[in-house]
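Here are my notes for someone opening this model for the very first time. Have the viewer ready and follow along point by point.

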Amino acid sequence: MRSSVLVPVLATLLGLGSAKPTATEQEPPSKRASVPTVTASGNAFWQGDKRFYVRGIDYQPGGSSAMADPLADTTVCQRDIAQFKKLGINTIRVYITDNSANHDECMNALADAGIYVIIDANNPLYSINRLDPGPSYNAVYLQSVFATIDEFVKYDNTMAFFSGNEVINDDVKSTKAARYVKAVTRDMRAYIKSRGYRAVPVGYSAADVAQNRMQLAHYMNCGTDDERSDFFAFNDYSWCNSNFQDSGWDQKVKNFTGYGIAIFLSEYGCLTNGRDFGEVAALMSDKMTGVYSGGLMYEYALEENGYGIAKIPSTKASAVQEQDGFDKFASALKANPAPTGDGGFTSTTRSVACPTKDGNWLVDSTLLPAIPAAAQKMMSNGAGKGPGLKGDGSQNAGGGDSESTGDATPGSGTVSETGKPSGSKNAAAGRAGGPGSVEKAPFVVAGLVAVLTLTGTLLL
Ligand SMILES: *[C@@H]1O[C@H](CO)[C@@H](O)[C@H](O)[C@H]1NC(C)=O
C-alpha cells in the first residue's frame, strides 16, 4: 500500500490433485451465489478450463490506518460493488479483513457480480516485523493467519491469499525477513491441505523494489515443493503513461519468462505523466499473457496519496464521487478484454535456483525456520476463532511453544495422505496437470468441503 505521493519516486530509487469422492459424500446444498473457483496450474490461473486473468483493483477504503474491513460492512461493500460493476473488474484485493467477522453478505454480493477476492492474510497488528522477523514469526501470528484462511476459504470467489505484503522493501536488512515470509507461505499451504480445504492459491505480494525483485521472486519459487509458492505478485509503478519498451515491461517479461509459476501485478498505476491506463492494453496483449496473468490497479478509494479513483463519502451510505481516472480505467478495461484462448501459457510448473547472498540480498541459507509447535497443532485441531482487528497483536507474542526453534528440514511442510486430520478427505493441491485436469476439480472439491462442514455453520 502506498502511503504518500512521494512513494513512486522513492520506489524508483530505492491443479488440483485427484480428489477421491466416495459413496458417502453428498451434493453441496444450493448456495445463493456461485462462481467457478479459480485454481493455479502451470504458470497461469484457471476458471474451470478457461484461462483467468486478474482484471482488478486494490480496495481498502480508509487505507491501512483505518484498520477497517470493507467486506464486513454491507453498506460499504454494496455501495462499492455498484461501482465495481461500472468499472467492469473481475477481482478486488482487500488488504485488511477481520477474521472474527461474518462476510457472507459482501462475499455473496461480489460473487453475484462475478467478482473474485484476493485476501491479505496479515494486517498491521498481526504481521511479520521486517527488521526483527524471528520473534514475530510465532504461533499467535499464525493463528490469526490460519483463522483468516478458515473465514475466507469457504467462499467460491476467494481467488487467492497473500502470505505477506511488502515485508521486504528497499532497506537491504529487510531481505532477511524473506525466510520468515516464505515459512508463512509454506505454513499456509500446509494448513489448507491439512484442513482438507479447496486449494486456494497462496503467494507473496512484493514491493516495487528493483534491486531485489528478481532475487525475491526466485527465492519464493526455489527449494522443495512444500516451500514454493503457488504464484508470485509484485507492485509496479514504472509505466507512467509510456509504453511497453520505455517502461521496461519488455524486460520484466523477458526476466520472468520460464519462471515456472503464475505471476501478476499486485499494484500498478503510476501517476506521473498523467494516467491513461495503457497498462491494461499491455497486460492483455500477447506480449505479456504467456508470462503474466493480469494485475490490480492501485487503487479504488481516494486517499491523500492521490491514487484512488473514487472519493468515499463521509456518510457511508451516500454515493461515491467518481474521479478523473474512474472512466479512464473503465474504458481501458472495456477496450482490452481478456484474450480468448490460452494466452500462450506454460503447462508445466518448475522451481528455479535459490538466489545467492550478495550486497542486495542478505539471505545466506536456503533453510526455513521450523513452524512453532503450537502452530503445528493447528494443522489437525484447526485455528479456532480469529482475533479480529482489536486483539493485542502478535509481533511480541513469541516464547514457549509459540516460538520457532531451529530450522526446518526441507519437505517438512509436505502434507501426506496419512497425515490428514481424521475425517477429512483429500482436497489438497497438486502442481501437475494443465487446464484439463483442473476442469472438474472445483465442483468435486465444493462437495468435499460440504462434507467437512456438515454442521452447516461454514456454508454460505
Ligand atoms: C532483469 O534481470 C536482471 C538480472 O537479474 C536485472 O539486473 C535487471 O534489473 C532485471 N530487469 C528488470 C526490468 O527487472
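1. Helices (H or I, at least four residues) and strands (E, at least two) are DSSP runs, numbered from the N terminus. With that in hand, E1 and strand E2 (residues 44–47) pair in the antiparallel sense over 4 bridges.

2. Some housekeeping. This is a predicted model, in which local features need pLDDT of at least 70 and side-chain atom pairs count only at pLDDT 80 or more, while totals for chains, interfaces and linings use all residues. Residues are numbered from 1 along each chain as its sequence is written.

3. Back to that sheet: 3 strands make it up, it is open, the order is E1-E2-E3 and the pairing is antiparallel. Strand E1 (38–41) and strand E3 (50–52) stand at the edges with a single partner strand each, so one side of each has no neighbour in the sheet.

4. Now strand E11 (residues 294–297). Which strands does E11 pair with? Strand E4 (residues 54–58) pairs with E11 in the parallel sense over 4 bridges, and strand E10 (residues 262–268) runs parallel to E11, joined by 2 bridges. In E11, Gly294 is the bridge partner of Val54, and Gly295 is that of Leu265.

5. Side chains in a regular strand alternate between the two faces of the sheet. In E11 both faces are covered: Gly294 and Leu296 on one side, and Gly295 and Met297 on the other, are all buried. Buried means 20 or more other C-beta atoms within 10 Å of the residue's own, with exposed at 12 or fewer and partly exposed in between; C-beta atoms are placed from the backbone.

6. Is Thr185 buried or exposed? Thr185 counts as buried because it has 26 C-beta neighbours inside 10 Å. Thr185 sits in helix H7 (residues 178–194). Leaving out residues up to four places away in sequence, Thr185 touches Ser163, Val202, Gly203, Tyr204 and Ser229; contact here means C-beta atoms, placed from the backbone, within 7 Å.

7. H7 also packs against helix H12 (residues 373–381): their axes come within 8 Å and cross at roughly 25°. That makes H7 roughly parallel to H12 (under 35 degrees is roughly parallel, over 145 roughly antiparallel, 65 to 115 roughly perpendicular, the rest oblique). Asp187, Ala190, Tyr191 and Ser194 in H7 meet Ala375, Met378, Met379 and Ser380 in H12.

8. Compare helix H3 (residues 74–87) and helix H4 (residues 104–112), which pack at about 10° with axes 9 Å apart. H3 is therefore roughly parallel to H4. Thr74, Cys77, Gln78 and Ile81 in H3 meet Glu105, Cys106, Ala109 and Leu110 in H4.

9. Finally, the ligand. What surrounds the ligand? Ala210, Arg213, Met214, Gly248, Gln251, Lys252 and Asn255 do, each with its C-beta atom, placed from the backbone, within 6 Å. Helix H8 (213–220) and helix H9 (249–256) are the elements giving two or more residues to this shell, and H9 supplies the largest share, 3 residues.

Notes:
Contact = placed C-beta atoms within 7 Å. Axes fitted to C-alpha atoms, helices over the stretch in contact; angles between N-to-C directions. Pairing = 2+ DSSP bridges.
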